[in-house]
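This report covers overall form first and then two local sites. The sequence and model come next.

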Amino acid sequence: MRTPARPPLDGLKKRLDQSRAERSRMPRDGFLRETFVLPRSDARLKAKEWFERFPKQAYWTEIESWFERPGDLIEFTIRRLPVAD
C-alpha cells in the first residue's frame, strides 16, 4: 500500500509570501510614514502642509529623518499617528 502523495503547496506558499510582504510594509509602532525627495523650497512647503493638516499635538507629527542630497534636494521622512486622540 502506497502513502498518498502530498498535495501541492504552491497556493499556501503564495499566500504566506503575500501576508509577509504586507506585514513588512506596515510599521510596528503604529505610526504612518511617508518619504519625500524634493527641492529644498518644495520640501519646506510639504512639511508645512503636513504640520497644518496633521497638527503635532494631535497626531504626534514629526520629521523623523532628513538628508541633504546633491542638487539641493532634501530627502525626508515624516511620521504621524493614523488618527488623532
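## Burial and basis

Of the protein's 85 residues, 18% count as buried (under 20% relative accessible area; exposed is over 50%, partly exposed in between; 1.4 Å probe, protein chains only). The model is predicted: local features need pLDDT of at least 70, side-chain atom pairs count only at pLDDT 80 or more, and totals for chains, interfaces and linings use all residues. Residues are numbered from 1 along each chain as its sequence is written, and side-chain values use heavy atoms, with hydrogens and water left out.

## Overall form

The protein has 3 helices and 3 strands, in the sequence order α-β-α-α-β-β. Its radius of gyration is 21 Å, well over the 12 Å from the globule rule for 85 residues, so the protein is more spread out than a compact globule. That radius is taken over C-alpha atoms, and the rule is 2.2 Å times the number of residues to the power 0.38. The C-alpha trace spans about 75 × 40 × 15 Å along its principal axes.

## Site at T61

T61 lies in the loop between α3 (56–59) and β2 (62–69). T61 counts as buried because its relative accessible area is 0%. Its side chain reaches the backbone oxygen of F54 at 2.6 Å. Beyond neighbours within four places in sequence, T61 is in contact (heavy atoms within 4.5 Å) with F51, F54, P55, K56, I78, R79 and R80.

## Site at L12

L12 belongs to helix α1 (residues 10–25). L12 counts as exposed because its relative accessibility is 51%.

Conventions:
Helix = DSSP H or I, 4+ residues; strand = E, 2+ residues; numbered from the N terminus. Polar contact = N/O pair within 3.5 Å; in protein donor to acceptor, adjacent residues only side chain to side chain.
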